[in-house]
Amino acid sequence: HVISDQSFPKLKEQKEKNSDNSSADEKKDTRKSQKEAGENFSFLQETVKTKKKSGKSRVMQYIRNILYGTIFGIFACCSFFALKPWAEEIFYHDETKVTIPVEDGDTAQDDDSQDDADDSQLSTETAAEHYEEMLDSMYSIAEKAEKSVVIVQATEKGDWTTETMNLRQSSGVIVGENSREILVLTDALICKEATHWKVTFNGKEESDAALKKQDKNRNIAVFSIDKKNVSDATQKRIEVATFGNSNTCKRGQVVIALGYIFGYDDGLSYGVISSKSQEAVFDDSQCQVLGTNISLAEGGTGILVNLKGEVLGLIRSDILKDTGSRTANALAISDLKEVLEMMLNGESVPYLGAYGNAVTEEISEQQNIPIGVYITNVQSDSPAMDAGIQHGDIIQEIKGMTVTGTASYTKAIEKCTVGEIIKVRGQRRGSNGYVEVTYNVTIGSKE
């Protein structure tokens, strides 16, 4: 049996009343709970302010961050390098195989290999024989050229004894002879603070020598040996040197160095010309330098010859001072022939005492400078200084000869005579540009 609420009206009414009371109680409890919660969590409604940090705190924080980052980086690097081999071993596998191609000759039979070995040994012996023949041939050339090489020694004689003391020595080369004398070309430094000299021929006979002429500008000197003081046997052994053409030399050309190159008299060495780009600059001229790969002792001097036995240059240790090189450098003989001819004939070498750089057509157009030689150096107490030539002047004419560069400038001076008064024309910059100037120069000599 189903009993409905309609059957019992009082029961229904009582139930609704209970329901309303229950709802009222629940609402009352809810409001009470909300009130208590509001009281308990009222701090959430407050505003929280961050404490301001000082500058010092920020700096310390930055330093801590950098320090932590550095420590982390170091640890990471160490870990990487420590684990790299292990990781490569596990994760990286290179399956590529490297192979070297086999040559056809590697598959030859033993007999063929033996034949090749025999041929190789034969070719090596043949090459050695050729090399030995080449050295013998070069030594024959050097031996013949040595007949022209001498040693010049500066000596000092005592007042009451015949004993002499050697002050210094230098290599020399026999460059001429006549019926009375033998002429030797050597380094002019041998003349400094000395009054007596002697010459040693072929490392054997010695003879007194007299200074004939010297040029302190280029530091070369010519000595004369009286033939009466030289034995007939020695005169038959010696020879006058032949000058070669140093202008035609080229890099890599085989040359022979002879003389006092290693600190003793009979030095000999083979080598090649390694450079032709350097120049030795003098007061009135310049001279090409032949650089070689041949070793040279400090203060060493010598003669440089080609495979024809011809003299190509004079070896001196003071030619290129700034390079610090200890190899043999030689003054090219072709640039000295004009001066040598004067000295061998007893003439003094003309000296002006000024030098400079060439002003070419290209430089003239670019810089608006007259063509000629731009003077960069005037020696004190020189004929050029006495005549009024100054740094910056441009020389265009010497004794009626046109000057267009350093070569024509040097040649014009060499055509002059010592003691001669000549006219030198040029240009000098003024306030309104270059103006023509003329100098009367008395040519001197630096002996």
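Which residue does Arg218 meet in a salt bridge? The partner is Glu414, with N to O at 4.0 Å.

## Model and conventions

This is a predicted model: local features need pLDDT of at least 70, side-chain atom pairs count only at pLDDT 80 or more, and totals for chains, interfaces and linings use all residues. Residues are numbered from 1 along each chain as its sequence is written, and side-chain values use heavy atoms, with hydrogens and water left out.

## Overall build

The protein chain has eight helices and 21 strands. Both are DSSP runs, numbered from the N terminus: helices are H or I with at least four residues, strands are E with at least two. The chain counts 447 residues, and 34% of them are buried. Buried means under 20% relative accessible area, exposed over 50%, and partly exposed in between (1.4 Å probe, protein chains only).

The accessible surface comes to about 28,800 Å². Carbon and sulfur atoms hold 50% of it. Areas come from the Shrake-Rupley method with a 1.4 Å probe; for residues, only the protein chains shown count as cover. A contact means heavy atoms within 4.5 Å. Take the contacts between residues at least 6 apart in sequence: 59% join residues at least 24 apart.

## Salt bridges

Side chains of opposite charge can pair when their charged atoms come close. Here a salt bridge is a side-chain nitrogen of Lys or Arg within 4 Å of a carboxyl oxygen of Asp or Glu. The structure holds 15 of them.

Arg218 sits in the loop between strand S5 (205-215) and strand S6 (220-226), and Glu414 in helix H8 (residues 406-414), so the bridge ties together parts 196 residues apart in sequence. Arg218 counts as buried because its relative accessibility is 3%. Glu414 is also buried, at 15%.

Glu298 bridges to Arg326, with the closest N and O atoms 3.5 Å apart. This pair links distant parts of the chain, 28 residues apart. Glu298 lies in the loop between strand S10 (286-295) and strand S11 (302-305), Arg326 in the loop between strand S12 (311-316) and S13. Glu298 is exposed, at 68%, and Arg326 is exposed as well, at 51%.

Glu206 and Lys198 meet at 3.2 Å, N to O. Glu206 is partly exposed, at 44%, whereas Lys198 is buried, at 14%. Elsewhere, salt bridges link Asp187, Arg316 and Asp318 in a network.

## Surface patches

Patches are made of residues with over 30% relative accessible area and no salt bridge; like charges are joined within 9 Å, and nonpolar side chains (Val, Leu, Ile, Met, Phe, Trp, Tyr) within 5 Å. Lys and Arg count as positive, Asp and Glu as negative; His and the chain ends are not counted. Each charge is placed at NZ of Lys, CZ of Arg, CG of Asp or CD of Glu.

Glu125, Glu129, Glu132, Glu133 and Asp136 gather in a negative surface patch. Glu125 is found in helix H3 (residues 110-145) and is partly exposed, at 41%. Val59, Met60 and Ile63 make a nonpolar patch of about 250 Å². Val59 lies in helix H2 (residues 55-91) and is partly exposed, at 43%.

## A buried loop serine

Ser334 lies in the loop between strand S13 (327-332) and helix H5 (337-344). Its relative accessible area is 16%, so Ser334 is buried. Leaving aside neighbours within four places in sequence, Ser334 contacts Gly244, Asn245, Ser246 and Asn247.
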